[in-house]
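Welcome, and please open the model in your viewer. We will go from one selection to the next, with a short note on what is there.

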Amino acid sequence: MASTTQIPAPPARRTALSNKQGRKQGPRAKRTKGPGRFRPNYLGGLGGWLWLAIIIVPIYYVVVTSLKNQAGFFTSNPMMPPTEPTLDNYKLVLDNDFAMYFANSLIVTVGSVVPALLVSFMAAYAIVRGKGRFLTWTNNTFLLGLAIPLHATIIPIYWMITKAHLYDTLLALILPSIAFAIPISVLILSNFMRDVPNELFESMRLDGCSDWAMMWRLALPMTRPAVVTVGIYNALGVWNGFLFPLILTQSPSTRVLPLSLWTFQGEFSVNIPAVLASVVLATLPLLVIYVVARRQLLSGLTAGFSK
Amino acid sequence: MSTSTGSSRRVLEKGPSGWLAAPALVFFLLFAIIPLFGVLFLSFTKWDGLGEIKLDGLSSWTTVLTDPVTGNALWVTAKIMFFSFIVQAPISLLLGVFTSASQKYRAALAVLYFVPLLLSSAAVAIAYKALLDPNFGLGPGLGLPFLAQDWLGNSDLVLFVVVFVIAWQFVPFHTLIYQGGVRQIPASLYEAAQIDGAGRVQQFFAITLPQLKYTIITSSTLMVVGSLAYFDLVFVLTGGGPGYSTRLLPLHMYLTGFKANDMGAASALGVILVVIGLALALLLQRLGGKNRNASQLEGA
C-alpha cells in the first residue's frame, strides 16, 4: 500500500543542503542548480508577462470596483479607476459584523492548525524513528487519506457533529479540519525528518536523551522549514475553507469569512462594489502576511511539495 | 505522551514509542476513516438529515444508479477533470521552469503569481461572477465585444469558464511544485548539454522533462484527484447551472443531501466519489512506476 498510494513523494535529493542554502540566502542568491540561461529567452518572457496579466486583471478589477460608489459602478467604464474613490463600501462591510467573522476565522484556523501540527509532528517522528507493524500500519492509513477525496465523508461527519451536539459551534469546524490536515502534514514532515542524519540522534542518545527530548531539541529545529511550510499550507486551507462551515454551521455568530462572503453576496446582490469590498477585506490579512513572509513561504512550499 | 519520557534504555534502543503517533491516528480514524465506513453504511439507509435513520436496503443505490442526473454529473466531472488537466499541466510546467531560473524579474513575477492562492474559492467565484458580467464586467471594460457574453448563463460556454477559473486559482500552486522540482536538477547536466551544443528546446526535452518525472506524477495526481474536490468554487460561481451543465459529482452529492434532504442517495454518491478517487490515485501511481526511490541522478 505504501508504494502505491504515496502521492507527493518523489525521492529526497540533497534537500537538506538546498533548503539550508535557500533559507540563508533567499531566492535571489545565485543558484548552482537548475537550468543555466545565458541568452535571453524572449518567448518565455512573453509568456511570463502574459500570465501575469491573466493573474492581475481580475484582481485589479476587484480592487478598482470596490472603490466605486454604486452610481459610478453602473455608469463608468468597468476597467477604469473611479473618478471619486470612496471607502463607503468598506465601511458597509465592516459595519456588518465583519470583525466577528474575522475573529471566528482566526479561532478556527489557529485552533485547527496548531493541534494538527503538534499531533502530525509527533506522528512523523514516531514513523521515521520508530519501528514496528503498528507504525507502518499508521503511516499507510495516513497515505490512504491522501488518495481519498475526504469531502465524500461530509454526510457522516454532519451526523456525528449533530449527535455530539456540536452543530453550529466553532469546534464543529475545528475537529474535522484537524483530521483532514493530518495526512499531508505527516507526509511532508516525515519526508524532511528522514534527512536528519542518524548520527545526531545517536550522539544525543549516548548523552542520555529521551525520545521526547530528542523530538523537541533535535528533530524540531532540524525540520523547522517543513513545520512552517505545513503550518502555512494548512492555515490557507482552513482559513479559506467553505464546505465545513456551509454544512456544520448556520447562525451569524458562528459564521467564518468565506461563508460571510457568500451571504454578503446574497444580501447585497445589487451592490456589487460592496460585495467586492468584502472580497478584498477577507483577503487582506493573508496578503499582509504574504508580503511580510513571502520569501520563507515560497521557499518553504516549493521545498515541501517537491520532495 | 509521557510514556516515552521515562523509558528505559532498552526502549530507547528500539526507537520512540508508537504512542507518539496515537493522537494523530485517533483524530484521523474518528473524523476520516470512521466517516468513510459511515458513508457506506448510510448509503443503505433512508435519512432526511434530521429524523431517524432507517435501514432501507438498496433503494438509495437504485435511485442513484437509475437517475440520469448521476450519469450527467459523472460526465461533467470527467470533462472538467480532463480539460482542467490539459490546461493546467502544461502551463504550470512551463511557468515552473520559467520561474526557477535566476533572473531577478522572474523571481518578482513568481511572487505575484502566488497571489491567487491567497484567495478563498468563494472569493474567486464572487470576483469572477462580477468580472464576467456582460454589462459591467471585463468585456465592456476592455471594449472587446466577444468578451461581453453571458458566460455563466450559456450552457455551452460555462464549462470552459469553470475550467478557466479553476486554472486561474490552482496553476500557481502547481507552478510552485514544478519550480521546486526544476531547482533540484543538477546544473552540471545543463552545462554538459551546453558543451555538447544542445539548444534550449533540446535541453528542455532531454533534461528538464525526464528529470521532472516524479514531480509530474505528484502534480498530476494532485490535479486529477483534486478535481474531485472542486466544490466551493463551482457552488458559488454557477450553483451547478445553468440546468445541470456544471453539476459536478461532489456538488450533486451536496445538493442531493442537504437541499433535497436525501442523505441516503447522497451517501451512495459519496461512495462513488471515494471509489473513483482511489482508482485514479492507484492508476496514476502505477503509471509512474513502482520503484520511485531509485536514483534519478544516475549519470549526473
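Over residues 290–300 of chain B, what level does the pLDDT stay under, and how many contacts beyond four places in sequence does the model have there? Select that stretch: the pLDDT stays under 50, and the model has 22 such contacts. Here pLDDT is the predictor's confidence in each residue, from 0 to 100, and contact means heavy atoms within 4.5 Å.

A word on conventions: this is a predicted model, in which local features need pLDDT of at least 70 and side-chain atom pairs count only at pLDDT 80 or more, while totals for chains, interfaces and linings use all residues. Residues are numbered from 1 along each chain as its sequence is written, chains are lettered from A and ligands numbered from 1 in the order in which they are written, and side-chain values use heavy atoms, with hydrogens and water left out.

Now colour by confidence. Chain B averages a pLDDT of 83, with 91% of its residues scoring at least 70. Its residues 1–12 fall below 50, and this stretch has 16 contacts beyond near neighbours in sequence. Chain A has a mean of 81, and 85% of its residues reach 70 or more. Select residues 1–34 of chain A next: pLDDT stays under 50 there, with 83 contacts beyond four places in sequence.

Next, show the interface. In chain A, 113 residues are in contact with 119 residues of chain B. The two chains bury about 10,700 Å² between them, 75% of it on carbon and sulfur atoms; this is accessible area (1.4 Å probe) lost on putting the parts together, summed over both. Helix α14 (residues 272–306) of chain A gives the most to the side of chain A that touches chain B, with 15 residues. By class, that side has 76 nonpolar, 26 polar and 11 charged residues.

Between chain A and chain B the count is 0, and the whole structure holds 1. Zoom to D95(A) and K91(A), whose side chains meet in a salt bridge at 3.0 Å, N to O. They are separated by about one helical turn, because they sit 4 residues apart in helix α5 (residues 88–129) of chain A.

Note on methods: A salt bridge is a side-chain nitrogen of Lys or Arg within 4 Å of a carboxyl oxygen of Asp or Glu. Helices (H or I, at least four residues) and strands (E, at least two) are DSSP runs, numbered from the N terminus. Ala, Val, Leu, Ile, Met, Phe, Trp, Tyr, Cys and Pro count as nonpolar, Asp, Glu, Lys and Arg as charged, and the others, Gly among them, as polar.
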